[in-house]
Amino acid sequence: MKESRPEMQSPPRLRLRILFGTDAMLGPGKADLLEQIRETGSIAAAGRAMAMSYKRAWSLVEEMNHAFRAPLVDSSRGGARGGGAHLTETGEEVLANYRALEDTIAEAGADRIETLRGLLRDAPVSPPDIPEEK
């Protein structure tokens with residue numbers, strides 16, 4: 001029997017990217033960066049945790065801060081006491097809404113995602129429901 005490819009053994013993932021016109025977008029990378037900043041208290045540490053350069057992480061933070069009415073991340077420069085970063089109230093709200101939207105879409109689209117998965121080449125087949133014999 002032919003084995004299915006390893007990537008077919010894990011459940012499908014939904015990756016949501018929201019485009020706000022031509023200049024602003026929010027997707028899984030920026031949402032993950034916000035979560036890492038919240039967890040580490042540092043843009044540099046968040047970038048390292050994501051295998052991203054500090055320059056790239058800082059650039060994404062600047063993009064987000066400029067795209068929304070209020071900054072999503074507040075940072076302070078290093079020094080004798082060290083710097084740091086944290087999500088603002090708006091940052092927490094944006095992240096919470098993005099994650100809630102991901103959950104809503106995943107739940108609403110679960111049947112269609114499974115249908116698409118079933119149409120893939122080498123897709124693992126779920127065993128049919130077989131009624132128990134009496």
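**A helix and its surroundings**

Mentor: The buried residues of H4 pack against strand E2 (24-26), helix H2 (28-40), helix H3 (43-49) and strand E3 (73-76). This is a predicted model, where local features need pLDDT of at least 70, side-chain atom pairs count only at pLDDT 80 or more, and totals for chains, interfaces and linings use all residues. Residues are numbered from 1 along each chain as its sequence is written, and side-chain values use heavy atoms, leaving out hydrogens and water.

Trainee: Which residues of H4 are buried?
Mentor: Helices are DSSP runs of H or I with at least four residues, strands are E runs of at least two, and both are numbered from the N terminus. Buried means under 20% relative accessible area, exposed over 50%, and partly exposed in between (1.4 Å probe, protein chains only). In H4, the ones that count as buried are Ala57, Leu60, Val61 and Met64.

Trainee: Why are they on the same side of H4?
Mentor: Take the directions from the helix axis to the C-beta atoms; the arc is the one they span. The buried residues are Ala57, Leu60, Val61 and Met64. They sit on the same side of H4 because they cover an arc of only 100°.

Trainee: Which exposed residues does the face turned away from the buried side carry?
Mentor: That face belongs to H4, which runs over residues 54-67. Its exposed residues are Lys55 and His66.

Trainee: Thr88: buried or exposed?
Mentor: Thr88 is in the loop between strand E4 (84-87) and H5. With a relative accessibility of 18%, Thr88 is buried.

Terms used:
Expected span 1.5 Å × (residues − 1). Contact = heavy atoms within 4.5 Å.
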